Amino acid sequence: MSHPRTRVIVIGGGYAGTVAANRLSRRAAVTVINPRPHFVQRTRLHQYAVGNHHASGDYRKLLGKGAELLVDTATRIEPDTRTVHLESGGTVEYDYLIYAVGSTATRRFTVPGVEEFAFPVAEFEHAERLKYALSNLDADAMITVVGGGFTGLETAGELAEQGRRVRLVCSGAAGPTLTERARRATHERLSSLQVEILENARVTRVGPDGLALDDGTVLESAITVWTAGFGVPELARSSGFSTDTLGRLLTDETLTSIDDDRVIAAGDCAAPSGDPVRMACQSALPLGLAAADTVLSRIAGDEPADLDFGFNGVGVSLGRRSSVIQFHERDDTPKDQVHAGRIAAAVKDLGLKAAMAGLRMEALRPGIVGFPRGGRHPSNAVARTEHPSAAVSTEQLSERSV
Ligand SMILES: Cc1cc2nc3c(=O)[nH]c(=O)nc-3n(C[C@H](O)[C@H](O)[C@H](O)COP(=O)(O)OP(=O)(O)OC[C@H]3O[C@@H](n4cnc5c(N)ncnc54)[C@H](O)[C@@H]3O)c2cc1C
């Protein structure tokens, strides 16, 4: 007698959700819920805005056989009935849920005028809106990029390389998490592109034609791009799950929700042990695979393994012709080793292509993609939660499924 397959719902078809769906696709009936019919390469959104990359992907190539896409948005998770409510009005049921909704621009813009007048670049629709605004902008109009994190640096570099007049406003340093050497290389490149860099300058107001700083300076700006601060979707919190202050799902080291052993998190929206890894594509892929492995272990009745992967560095692209690469220890501590320039740009670009190739490879041969290990040493690891139904067999699950 054949048993129905275990049903896994993946909420969010980004890097983490897609790779998790692929790893699971041979052992489970997987449905990926995502609001768009195409994959978004968020790592390329600043490029999409300036028009030198499509920043998209085709799910028909990226999702393996056995994983289907449902174009919709999850509005609520009901753990008691293992049901996900959808914006379209429907519902879907699961045996296991992978929570992979990613991140977005900060959810609380505290600076007046940002919501109305500034342009974030965190989601596809943001980049589309910025692209349209740029297409109607005079070539010599001033563009201000607010935020000295990687997204701000990359956006400023991309715009400036296209000949735009760009100013970068940072509340602290430009590239605060970079080492001294990497910061110097970043400054040199941005300065060579004529980017005006204002550090330790806090924006107090944004308007349609400019912005004001905390020292009273008023700056003219035709477009203000806002990259300061990231947030995560509210879905976990509004569905009653324990989250960290940002709204990331709190999990143990197997990425299992501390409230519910059927809910496993991956990517930017996961907070294992309340000690989340850096929000990055570089971590979303190993987290997605680890989340899938946790589900596979549970299906097999085995004990899931703790999260174990290592970083290798940070690559900041500053236009197409130059990048700064800072090497890191596996635990994400920066080393004093930096490469900058054209070769670094090629390596950075190769890294982004490799991420897409990793999704495709896992779609074709689930289980094939691996990552360096040995980087995770959380100081406050949540002991593996006593999950009463952790070791249920496929048969038991199937009975509950029908
Ligand atoms: C401009 C820019 C440049 C970047 N460059 C780099 C880089 O060079 N290197 C790097 O490592 N990282 C980079 N990042 C960060 C990286 O893109 C993210 O860390 C990564 O995308 C996280 O992957 P994820 O799978 O967790 O989430 P995402 O890629 O954000 O995917 C989440 C998916 O879930 C969907 N979703 C959200 N809510 C719901 C819902 N309720 N129902 C259904 N679906 C939902 C979203 O629409 C999205 O499709 C960059 C980010 C930006 C914005």
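This is a predicted model: local features need pLDDT of at least 70, side-chain atom pairs count only at pLDDT 80 or more; totals for chains, interfaces and linings use all residues.
Local features need pLDDT of at least 70 and side-chain atom pairs pLDDT 80 or more, whereas totals for chains, interfaces and linings use all residues. Residues are numbered from 1 along each chain as its sequence is written, and side-chain values use heavy atoms, without hydrogens and water.

The shell around the ligand holds 33 residues, each with a heavy atom within 4 Å of the ligand. A16, N34, R42, C281 and K348 come nearest. Polar contacts are pairs of N or O atoms within 3.5 Å. The side chain of K348 places an N or O atom 2.6 Å from a ligand oxygen. For the side chain of D268, the distance from an N or O atom to a ligand oxygen is 2.9 Å. A polar backbone atom of A74 lies 2.9 Å from a ligand nitrogen. Taken alone, the ligand exposes 1,000 Å², of which the protein buries 90% (Shrake-Rupley method, 1.4 Å probe).

Elements giving two or more residues to this shell are α1 (15–24), β2 (28–34), α6 (150–161) and α9 (281–300). Helices (H or I, at least four residues) and strands (E, at least two) are DSSP runs, numbered from the N terminus. α9 gives the most, with 3 residues.

α9 also provides the largest share of the lining of the second largest pocket, 6 residues. Pockets are open sets of points on a 1 Å grid over the protein atoms alone, with protein on both sides within 12 Å along at least five of seven lines; lining residues have an atom within 4 Å of a point. The volume, about 290 Å³, is the space filled by probe spheres set on the points. Of the 21 lining residues, L289, A290, D293, D308 and R373 are closest to the pocket centre.

Methods. A polar contact is a pair of N or O atoms within 3.5 Å; within protein, one must be able to donate a hydrogen and the other to accept it, and residues adjacent in sequence count only if both atoms are side-chain atoms. On a 1 Å grid over the protein atoms alone, a cavity is a set of points where a 1.4 Å probe fits but cannot get out, and a pocket is an open set with protein on both sides within 12 Å along at least five of seven lines; lining residues have an atom within 4 Å of a point.
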